[in-house]
Amino acid sequence: AERGRVWRTVVLAMGALGVMGAGMAVGSRGNGGGGMLEGSYNKVFPQRMRISPMVREIVPRRVISCAAEEESGLKMDAVVLEKLDSMERTYHELTERMADPDVLSDQSKLRQISKEHAAAREVAEEYEKWRNLKEELEEAKEMLTESASDPDMQAFLREEQDRINKETLDCEVKLKVLLLPRDPNDDKDVMLEIRAGTGGDESGIWAGDLLNVYQKYADSQGWKTKIVDSSSAEHGGYKTVIVEVTGDKVYSKMKMEAGVHRVQRVPATESQGRIHTSTATVAIMPQVDDVTIQLDPKEIRLQTARSGGAGGQNVNKVETAIDLLHIPTGIRIFCTQERSQLKNKELAFQILRNKLYEMELEKQRSAVAGERAAQIGSASRSEKIRTYNWKDSRCTDHRLQENFPLPQFLSGNLEPIVEKFIMAEQEAKLLEMAEQS
């Protein structure tokens with residue numbers, strides 16, 4: 001029953017993408033595969049859309065191959081073209097707004113419009129490329145008709161048609177992926193929170209190691225990081241550290257880091273060379289404003305205190321620190337990073353809003369969790385998402401069920417893992433689209 005359900009879902013996904021011949025594949029399933037062609041998954045599920053190993057094992061290869069061999073390829077119907085036209089118009093409108101003096105004078109608004117513009121530009125440029133390829137194809141067909149008496153020219157034009165058809169198909173696949181529903185939080189900046197878990201002093205050291213990894217990855221992406229709150233561990237690292245990460249599409253690439261990270265190694269504090277297992281918990285909270293999350297003043301208990309430490313007489317004699325308690329949830333935030341009470345108060349409320357929003361997202365994920373969510377992981381805090389084994393120099397992602405080189409992760413190169421999750425997310429959306437259609 002499970003094989004039949006997944007088999008049917010994937011074929012429907014091909015139908016939803018406009019792959020001609022998917023119905024024929026369904027009707028031909030019971031004939032033992034006669035006449036069906038063996039081939040690559042890539043023609044229907046290219047590299048960015050490769051289906052997961054679990055689905056690949058369940059779905060007969062000949063089913064996907066059969067549909068992939070149909071000559072019509074992906075169909076750009078009227079609905080898709082209308083949506084692309086609309087997004088192209090949006091792109092031009094955003095381009096004009098970015099030159100508006102009112103927008104240029106408002107950094108917050110300019111930043112938001114710039115992100116929307118970047119997302120729309122990718123679609124608009126790919127759509128323009130698709131139209132140009134269509135025009136090239138029509139010109140090649142006309143020249144092929146006119147050069148009937150020239151065999152060499154005919155052979156050249158047929159090769160040209162094959163090239164254009166291939167590029168057009170690749171372009172259509174990319175456009176289909178770009179038009180898939182996007183997570184509304186993907187473009188947001190984040191608050192990254194790392195907490196030491198089980199393992200005593202080693203867990204604090206491990207939390208510090210994770211922070212170094214994420215800072216390296218942020219630098220490689222051109223993002224900016226700022227520690228907004230921290231509690232140092234006795235033997236190095238952190239008990240808790242919260243970092244603000246700002247840049248382009250931060251949440252889209254960081255959201256799957258949320259969960260429990262387990263490390264197996266000989267700690268620096270171990271004198272007898274025994275391997276210990278320790279954990280640290282990572283939370284990824286999208287940045288939200290006071291409109292998205294509204295706080296009731298009656299539910300807030302706010303106190304001030306002296307910060308102490310570096311900063312001169314101001315922080316030592318004036319109560320610049322903020323101690324914020326959200327009574328319904330018990331969330332407590334103590335901010336001392338800034339040198340003024342006002343800035344610490346703003347920062348404390350921002351962290352609280354982000355935490356409450358992340359809690360609401362967690363509820364939504366739990367409510368819609370099903371078979372598909374189980375394949376790519378729910379990214380909940382309670383879920384052990386990775387194990388880092390120093391002895392075998394291996395980083396194992398339990399959601400992807402794949403191993404990655406440990407030095408690669410420690411150097412801050414998370415891109416191979418991120419790309420795998422993007423592919424899994426696209427797969428899930430394709431299957432959902434198939435079921436809805």
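Author: Happy to. Strand β1 (residues 190–196) pairs with β3 in the antiparallel sense, over six bridges. Strands here are DSSP runs of E with at least two residues, helices are runs of H or I with at least four, and both are numbered from the N terminus; two strands count as paired if DSSP finds at least two bridges between them. Within this pairing, E193 stands opposite I242 of β3.

A word on the ground rules: this is a predicted model, where local features need pLDDT of at least 70, side-chain atom pairs count only at pLDDT 80 or more, and totals for chains, interfaces and linings use all residues. Residues are numbered from 1 along each chain as its sequence is written, and side-chain values use heavy atoms, with hydrogens and water left out.

Back to β3, which also pairs with β2 (residues 224–232), in the antiparallel sense and over eight bridges. There, K224 has T246 of β3 as its bridge partner. The hairpin of β2 and β3 has five residues between the strands, and G236 takes a positive phi near 105 degrees in it. Strand β3 itself (residues 238–246) is mostly covered, with seven of its nine residues buried. Buried means under 20% relative accessible area, exposed means over 50%, and partly exposed is in between (1.4 Å probe, protein chains only).

Now for the rings. The structure holds five aromatic pairs. Among them, W206 and W390 are edge-to-face, at 6.0 Å centre to centre and with 85 degrees between the planes. Rings of Phe, Tyr and Trp (its six-membered ring) pair if their centres lie within 6.5 Å; planes under 30 degrees apart are called stacked, over 60 edge-to-face, and the rest tilted. Because W206 lies in helix α9 (residues 201–221) and W390 in the loop between β9 (384–389) and β10 (394–397), the pair ties together parts that are 184 residues apart in sequence. W206 is at 0% relative accessibility and so counts as buried, whereas W390 is partly exposed at 32%.

Y388 and F409 form a tilted pair, 4.7 Å centre to centre with 40 degrees between the planes. This pair links distant parts of the chain, from Y388 in strand β9 to F409 in helix α14 (residues 406–410), 21 residues apart. Y388 is buried at 0%, and F409 is buried at 1%. Ring pairs link W206, Y388, W390 and F409 into a cluster.
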